[in-house]
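Here are my notes for you, as numbered points. Keep the model open while you read and look up each residue as it comes up.

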Amino acid sequence: MRSSELNSSLVFLILLGVLSFGKGEVYIVTLEGEPVISYKGGISGFEATAVEFDSDEKLDVTSDMVISYAHHLEKRHDMLLDMLFDQGTYKKLYSYRHLINGFAVHMSPEQVEILERAPGVKSVQRDWKVKKLTTHTPQFLGLPTGVWPTGGGFDRAGEDIVIGFIDSGIYPHHPSFASHKTDPYGPVPKFRGKCEVDPDTKRDYCNGKIIGAQHFAQAAKSAGAFNPDVDFDSPLDGDGHGSHTAAIAAGNNGIPVRMHGFEFGRASGMAPRARIAVYKALYRLFGGFVADVVAAIDQAVHDGVDILNLSVGPNSPPATTKTTFLNPFDATLLAAVKAGVFVVQAAGNGGPFPKTSLSYSPWIATVAAAVDDRRYKNHLTLGNGKILAGMGLSPATHANRTFTLVAANDVLLDSSVAKLSPSDCQRPELLNKNLVQGNVLLCGYSFNFVVGTASIKKVSQTAKSLGAVGFVLAVENASPGTKFDPVPVGIPGILITDVSLSTELIDYYNVSTPRDWTGRVKSFKAVGSIGEGLRAILHKSAPQVALFSARGPNIKDYSFQDADLLKPDILAPGSLIWAAWAANGTDEPNYLGKVLIVPPLYTYFPPN
């Protein structure tokens, strides 16, 4: 385009830019011109900054060349916006300079139409949401006798490796991240990250083990999704997922796993001496936004992480690009790999159905979730002698004793509360404590458990508050592929997941419970006892793909056509992994995390 034509175009667009506009949204804009990672020169006054794929060289963001060119790109971003729009009619959230050339901006749809026609603009995409892709494991992987000795033992495994976590933040006070009981951590000269200061305590989040802690929420705030009372405007983990994944990958070795007074063993990260750099871009109530995640990835690479762990993926395949992995998010991951960072992303939890993987990038390691050889089982013994198998990380009822079984629907304070779904035992105020106390409370697994408005933890709390000896949660209907996890509880409790066994329980209860002509119980005669489910059973079996783990093959577009690319790439234990959680996280952690494969557990194959 000749300079006169360019000037005319800009004049026309600038005139449009002074008009009034409607409600704004966040957009990710990519521009012509190379980012720092791939700039090979050609602009007067700016030397090349590109890093070659097949070299051991890493991006040096401290060099004058990189700093100068990065500043040049950001200046171009600001100039473009200032030329097109009046100040105050838009808000630039981030400049992306190192991995992609572009920016995130909050503006109106009318302004987007102008921006799309501006010279030098490659694409403008509306921001989209992303979601979280959510002890014995070191022995199962053979680390203590295989890999750890080659790295100096468990107390040196992962030394000087920096793992960056794009997740929901971290709870720095957990023992898995403590530094006062370990050998002192020395400086890591290659790492340039920073530690934000907690706005309440005025203390930063770093301690030698944690060497970086930042959060990214500009897009979430602009979208109106951010709630500082729940999400925390800091790196503090308000969900639990980020602390969980960080502990699995790099948590300290030998941390006691204690819940409700019982010790389940001692936990260790896969690389217990590795350092942790936190880039919080996911939040408890809404997940996250790509604009924030891309900013976090760009910052992590700038800071000098060795590995980038992503337990995050899109809610669905991108509908605005012809190819799933040709969008700003996956382009940023490609550039991170170019910069020498090993990128690991969870496949997702959409299994067992095909084409459910939400990790599309051919250039990164996509990890499926495996079930290891550890199982937690429990049983309910009925008064008729039948033993029903189930699950429940709980203590047993008193030995050599049986207890009366009372169904929630039969111990209502008032018949009028039946419309409030009392059978799932989420609201103790609906039940008669005099009838529940000293007995085992029978509850039903309703649809509320599936959608997350009911929890096993709440059942336990209800039973305890009413003075019950324990509880039984019976699944009467289950969709194919439904996944049930044992949840630690402080009183005897069991989940009967087999529908046929739940039917046996209900039949026994009904036969043993006489009623009057109105259906009201005359006396409770059904009895039973709950076994102990606290001890793991090791089957010494090979790992299996977890039922919930997302499957391939990879898809190339929104219509789910095959991309001729096999995904996931590798398998790692990802179910029932004991690890840290945030004290202020979600009410019921699922204790599920994917083991991060870290050097020297992987062989690096650079993309072609």
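1. Let's start with a word you'll need all the way through: a residue is buried when its relative accessible area is under 20%, exposed when it is over 50%, and partly exposed in between (1.4 Å probe, protein chains only). This is a predicted model, where local features need pLDDT of at least 70, side-chain atom pairs count only at pLDDT 80 or more, and totals for chains, interfaces and linings use all residues. Residues are numbered from 1 along each chain as its sequence is written, and side-chain values use heavy atoms, with hydrogens and water left out.

2. Now the overall picture. The protein has 14 helices and 26 strands; both are DSSP runs numbered from the N terminus, with helices being H or I of at least four residues and strands E of at least two. Of its 608 residues, 53% are buried.

3. How many disulfides does a search of the whole structure find? It finds two, a disulfide being a pair of cysteine sulfur atoms within 2.5 Å. With the bonded cysteines numbered in sequence order, the pairing reads 1-2, 3-4.

4. Take C195 and C206: their disulfide has an S to S distance of 1.5 Å. Both cysteines sit in the loop between β6 (162-167) and β7 (210-215), 11 residues apart. C195 is partly exposed at 24% relative accessible area, and C206 is partly exposed at 22%.

5. The other disulfide joins C425 to C443, with 2.1 Å from S to S. C425 lies in the loop between β19 (403-407) and α11 (433-436) and C443 in strand β20 (residues 440-444), so the link ties together parts 18 residues apart in sequence. This bond is left-handed, with -95° about S-S. Are C425 and C443 buried or exposed? Both are buried.

6. On to the inside. The largest nonpolar core has 64 residues, and those with the most contacts inside it are Y96, I166, Y279, I297, V305 and V343. Helix α9 gives the most to this core, with nine residues. A second, separate core of 28 residues includes L412, V417, V436 and F484. By nonpolar core I mean a set of buried Ala, Val, Leu, Ile, Met, Phe, Trp, Tyr and Cys residues joined through side-chain atoms within 4.5 Å. In soluble globular proteins, nonpolar side chains tend to be buried together.

7. Have a look at two residues and what surrounds them. Leaving aside neighbours within four places in sequence, Y96 is in contact (heavy atoms within 4.5 Å) with several residues, including I28, H77 and F103. D306 is found in the loop between α9 (290-303) and β12 (307-310) and counts as buried at 18% relative accessibility. With the four-place neighbours set aside again, the contacts of D306 include K58, D160 and F342.

8. Last stop: α12 and what follows. V451 is in helix α12 (residues 447-451) and is partly exposed at 47% relative accessibility. S455 lies in the loop between α12 and α13 (456-465), and is buried at 17%. S455 and Y445 are 10 residues apart in sequence and 9.4 Å apart in space, C-alpha to C-alpha.
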